[in-house]
Amino acid sequence: MRIYIKALVIVVLLSSCMNNGEVKDIHSIIRTTAKNNMREINLSKMGIDTIPNELFKLTQLQILDLSNNSISFIPDSLFFLKNLKTIKLSGNKLKSISHLIRELDSLEELHLDNNELSKLPDSLFFLKNLKNH
């Protein structure tokens, strides 16, 4: 029962960010996530080319989905969201990943496929919780 209620609350909250089935804007989703202390945010397929700064204030985030956008650069601020366990960045235009990724001690999943990466930082080897799929 508790899981059902929680899922219903999330659906209601996200529907408040929508107008006739279309997303109002990314900033509304981020504000709703912050206001309700949600641990997951899905900003996939939103046409994002720059990660909004207010996203870096969501310190409670555990799952961040920014897949299938046009992001070419990840600001260093992202690597200080210490609670992140999953980051989905597949299908973007990333050319590099900062060595600061080593700051994400809790990171278990990192999705980077379908980008323009030519190499990965050695600091990935310091992420002891990162799972190999």
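Author: Contact here means that heavy atoms lie within 4.5 Å. In the protein chain, 22% of contacts between residues at least 6 apart in sequence join residues at least 24 apart. This is a predicted model, in which local features need pLDDT of at least 70 and side-chain atom pairs count only at pLDDT 80 or more, while totals for chains, interfaces and linings use all residues. Residues are numbered from 1 along each chain as its sequence is written, and side-chain values use heavy atoms, with hydrogens and water left out.

Reader: What makes Leu43 a contact of Ser67?

Author: Heavy atoms of the two residues lie within 4.5 Å. Leaving aside neighbours within four places in sequence, Ser67 also contacts Ser44, Lys45, Lys88, Leu89, Ser90 and Asn92.

Reader: What makes a set of residues a nonpolar core?

Author: Such a core is a set of buried Ala, Val, Leu, Ile, Met, Phe, Trp, Tyr and Cys residues joined through side-chain atoms within 4.5 Å. The largest one here has 30 residues, and Ile41, Leu43, Leu55 and Leu66 have the most contacts inside it. Its largest share, three residues, comes from helix α2 (residues 26-35). Not counting residues up to four places away in sequence, Ile41 touches residues including Ile29, Ile30, Leu55 and Leu58.

Technical notes: Buried < 20%, exposed > 50% of the residue type's maximum accessible area, 1.4 Å probe, protein only. Helix = DSSP H or I, 4+ residues; strand = E, 2+ residues; numbered from the N terminus.
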